[in-house]
Amino acid sequence: MKRIIVIDDEASICSSLEFALEDHYDVVTTTKPHEGLKWIEEEKPDLCLLDLKIGQVDGLEILKKIKQVSQKTEVIMITAYGTIATSVRALQEGAYSYLTKPINIEELYSIIQQALHYQRLNDQVDFLSQELEKKYSFEGIIGKSESMATVFNLISKVKEVDSNVLIVGESGTGKELVARALHFSGKRKKSHFEVVNCAAIPDQLLESELFGYDKGAFTGAVSSKEGKFQLANGGTIFLDEIGDMPLSLQAKLLRVLQEKVVTKLGSNKEVNLDVRVIAATNKNLEEAVRNGEFREDLYFRLDVIKVPLPPLRERKEDIPFLIQHFIKQFNIEMNKEVQGLTKEANRILLNYDYPGNIRELSNIIESSMVLADDEFIEVLDLPPQVRSNHSARRKDGGKILDFVGIPLKEMEKQFILATLEENNGHRKNTALMLGISERGLRDKLKQYEQ
């Protein structure tokens, strides 16, 4: 039951309102404003009916204090001295509405219902914003490696500013996820986040997609259309694969970024912009500038803050966490109960180089789970290219006959040290690859030092 507090210096008004509302709401009344304010601070009621004049106390001052201690409590002012000036001031200070005495009960019911409905809508918006922030915040980016810690640190530093960001990394490294994290964890999270893939849209359509067009601007333009920049006004635009944008359009984009205005195709009217620009590319833009394929001035305009994303092969310690994440995700989507991988299948995935990065790992887990008959993904459930890569590595490593005659402990030592070298001395990766604990690896290495 929704809770309402009535603060009025007339005890008869308090009694009347309590009697009128108690069948539908949990009602508390008081003639002492500071007592009511203390109760609001402790209990956070849904709504307050507040008299404009409570003895010598100004109700508007109490309204201010209510909003300081319980922002979500809706306040409806009650006054016998209603004027336009006081009503406007009450609304400016955060009141939902106001009623004049003598109170019409039907009007009171209606305004209370409207205020509580407005409160529910605000709660839904806050909930959805929190869900989006959760989904696209750092929690949504899987990684505990040092290189990913650097990425998280960068996001923390730049999420609240308006500077342009350039995200660089190979395909499949999660550039769009980082862009979404920057938007949905920052101050613009309640505004639009618009995505434009510059490589996926034909050159002749990309300009109209970015800037919009007026009716009749070209053949087939039967109505006006807002461009992505206009739709993102107040929010963020993400220009994915910016390195594939044609040179002719780069000049127009540069003007938009410099002037902070955009003009639709077929129009002379400029629209002021307040848009944060995040761009991403898997190309070397510095090399593209040297080759005349990308404008230098645009590159420097975009490259205010650079966020480099490491390829998955350089952060293999994150692979077990990513595998766990994708198994959980696809269990829900496929209504399955896959628990994990066999030791051999896990070893193969830890040794694989992932040219397609995280996107490829996701596809590998998805296809393997489709084929898996048991709770654990077997080697034969893995895609052929992953299994063949593993076979090739074994062949390169020599035949088993090459190890005949070597004592088992010596062969173990050579194998462990070779695996450590393969991982550039990274003990955690080596332990994961060998399927042993870091402590076990540390003990083995101490033995070899003797």
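This passage describes the overall form of a predicted model and then some of its local features.

The protein chain contains 19 helices and 18 strands. Along its principal axes, the C-alpha trace spans about 105 × 60 × 45 Å. The radius of gyration of the protein chain is 32 Å, whereas a compact globule of 450 residues would have a value near 22 Å. Of these 450 residues, 43% count as buried. Among the contacts with a separation of 6 or more, 69% are accounted for by residues 24 or more positions apart.

Helix 2 covers residues 33-43 and helix 3 covers residues 59-69; the two pack at an angle of about 15°, and their axes are 9 Å apart. Because angles under 35 degrees count as roughly parallel, helix 2 is described as roughly parallel to helix 3. The crossing of helix 2 past helix 3 is right-handed. On the helix 2 side, the contact is made by Pro-33, His-34, Leu-37, Ile-40 and Glu-41, and helix 3 contributes Ile-62, Lys-65, Ile-66 and Val-69.

Lys-44 counts as partly exposed because its relative accessibility is 41%, which falls between the 20% and 50% limits. Strand 3 itself (residues 47-51) includes Leu-50. With a relative accessible area of 0%, Leu-50 is buried. Leaving aside residues up to four places away in sequence, Leu-50 touches Ile-7, Gly-59, Ile-62, Leu-63, Ile-66, Val-75, Ile-76, Met-77 and Ile-78. Ile-62 and Ile-66, among these partners, also belong to the helix 3 side of the contact with helix 2. From C-alpha to C-alpha, Leu-50 is 68 Å away from Thr-430, and the two are 380 residues apart in sequence.

Further along, the peptide bond from Lys-101 to Pro-102 is cis, with omega near -5°. Pro-102 sits in the loop that links strand 7 (97-100) to helix 5 (105-136).

Helix 8 (residues 203-211) gives an example of buried positions within a helix: Leu-206, Glu-207, Ser-208, Leu-210 and Phe-211 are buried there. The elements covering these buried residues include strand 9 (193-197), strand 10 (212-213), helix 9 (228-231), strand 12 (236-240), helix 10 (247-259) and strand 13 (261-263). Gly-212 follows helix 8 and has a positive phi, near 80°.

Apart from residues up to four places away in sequence, Asn-331 touches Lys-336, Glu-337, Val-338 and Met-369. Asn-335, in contrast, is exposed, with a relative accessible area of 73%. Asn-335 is located in the loop between helix 13 and strand 17 (340-341). Although Asn-335 is not a glycine, its phi is positive, at about 60°.

Technical notes
Residues are numbered from 1 along each chain as its sequence is written. This is a predicted model: local features need pLDDT of at least 70, side-chain atom pairs count only at pLDDT 80 or more; totals for chains, interfaces and linings use all residues. Side-chain values use heavy atoms; hydrogens and water are left out. Helices (H or I, at least four residues) and strands (E, at least two) are DSSP runs, numbered from the N terminus. Buried means under 20% relative accessible area, exposed over 50%, partly exposed in between (1.4 Å probe, protein chains only). Contact means heavy atoms within 4.5 Å. Axes are lines fitted to C-alpha atoms, for helices over the stretch in contact, and angles run from 0 to 180 degrees between N-to-C directions. Angles under 35 degrees count as roughly parallel, over 145 as roughly antiparallel, 65 to 115 as roughly perpendicular and the rest as oblique. A crossing is left-handed if the near helix is turned anticlockwise from the far one by less than a right angle, and right-handed if clockwise. The radius of gyration is taken over C-alpha atoms; the globule rule is 2.2 Å times the number of residues to the power 0.38.
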